[in-house]
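Have the structure open as you read.

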Amino acid sequence: MRKFSVLLVALLLAGCGSGGLGDLGGIFGTPQTSSSNPSSVQATVNFVDTSNQRIDVAVNYVNNLRNTQTGNQSIYYDNNTRVVYQSNNYNVSDLERGDQITVSGYNNNGRFLAETITVTRNVRG
């Protein structure tokens with residue numbers, strides 16, 4: 001029984017490892033989350049880096065669970081990523097610091113790739 005308990009603790013600790021600081025893709029672990037089974041992230045925009053197709057955010061929730069990681073984390077986008085606000089489509093470059101967003105996306109080779117970004121609160125009101 002004692003060996004079983006030690007093994008169980010070791011397995012639990014192995015499953016609790018954290019991804020690299022900065023990229024949300026590590027939060028979702030492996031096997032990779034696929035585009036057919038997207039994850040949801042609620043966050044506040046800090047910076048949009050259009051040259052690297054990256055949005056630095058402060059993450060509040062991942063799949064409706066409060067995020068405990070601190071600091072900037074990155075969400076990546078591509079030409080297929082949609083940005084929606086009040087049923088209208090926008091460009092990723094229209095996002096501003098302070099905008100609150102909900103992102104539907106998946107882990108793509110260790111990076112969280114956004115499929116749809118919905119602005120839930122525009123910083124400009």
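Ser39 stands opposite Gly105 in strand 7. Helices (H or I, at least four residues) and strands (E, at least two) are DSSP runs here, numbered from the N terminus. The pairing of strand 1 with strand 7 is antiparallel, with six bridges; two strands pair if DSSP finds at least two bridges between them. Gly105 also stands opposite Ala114 in strand 8.

Strand 7 and strand 8 run antiparallel too, joined by nine bridges. Their hairpin has two residues between the strands, and Asn109 takes a positive phi near 55° there.

## What kind of model this is

This is a predicted model, in which local features need pLDDT of at least 70 and side-chain atom pairs count only at pLDDT 80 or more, while totals for chains, interfaces and linings use all residues. Residues are numbered from 1 along each chain as its sequence is written, and side-chain values use heavy atoms, with hydrogens and water left out.

## Overall layout

The protein has two helices and eight strands, and from the N terminus on they run α-α-β-β-β-β-β-β-β-β. Of its 125 residues, 34% count as buried (buried means under 20% relative accessible area, exposed over 50%, partly exposed in between, with a 1.4 Å probe and protein chains only).

Now for contacts, meaning heavy atoms within 4.5 Å. Among the contacts with a separation of 6 or more, 54% come from residues 24 or more positions apart.

## Strand 5 and its two partners

Strand 5 pairs with strand 8 in the parallel sense, over three bridges. Arg82 has Thr116 in strand 8 as its bridge partner.

Strand 5 is also joined to strand 6 (residues 88-90), this time antiparallel and again by three bridges. Val84 has Asn89 in strand 6 as its bridge partner. The two strands form a hairpin with two residues between them, and Gln86 in the turn has a positive phi of about 50°.

## The nonpolar core

Which residues touch the most other members of the largest nonpolar core? They are Ile55, Leu95, Ile101, Val103 and Ile117, out of 20 residues in that core. A nonpolar core is a set of buried Ala, Val, Leu, Ile, Met, Phe, Trp, Tyr and Cys residues joined through side-chain atoms within 4.5 Å. The elements giving two or more residues to this core are strand 1 (39-49), strand 2 (54-62), strand 5 (82-85), strand 7 (100-108) and strand 8 (111-121).

Take Val103 as an example. Leaving aside neighbours within four places in sequence, Val103 is in contact with Ser39, Ser40, Val41, Ile75, Phe112, Ala114, Thr116 and Ile117.

## Rings and a charge

How many aromatic pairs does a search of the whole structure find? There is one: Tyr85 and Tyr90 form a tilted pair, 6.4 Å centre to centre with 55° between the planes. Rings of Phe, Tyr and Trp (its six-membered ring) pair if their centres lie within 6.5 Å; planes under 30 degrees apart count as stacked, over 60 as edge-to-face and the rest as tilted. Tyr85 is buried, at a relative accessible area of 13%, whereas Tyr90 is partly exposed, at 38%.

Elsewhere, the charged end of Arg111 sits over the ring of Tyr76, 4.2 Å from its centre (the criterion is NZ of Lys or CZ of Arg within 6 Å of the ring centre and within 35 degrees of the ring normal).

## Two loop asparagines

Asn64 is in the loop between strand 2 and strand 3 (65-66), and is exposed, with a relative accessible area of 63%. Asn64 and Gln42 are 22 residues apart in sequence and 8.1 Å apart in space, C-alpha to C-alpha.

Asn79 is in the loop between strand 4 (73-76) and strand 5. Asn79 is exposed as well, with a relative accessible area of 74%.

## Where to be careful

The protein averages a pLDDT of 78, and 69% of the residues score at least 70; pLDDT is the predictor's confidence in each residue, from 0 to 100. Confidence is highest in strand 5, at 98, and lowest in helix 1 (residues 2-15), at a mean of 39.

Over residues 2-22 pLDDT stays under 50, and the model has six contacts beyond four places in sequence for them. Residues 27-32 also stay under 50, with 16 such contacts. Where pLDDT is low, the predicted coordinates should not be read in detail.
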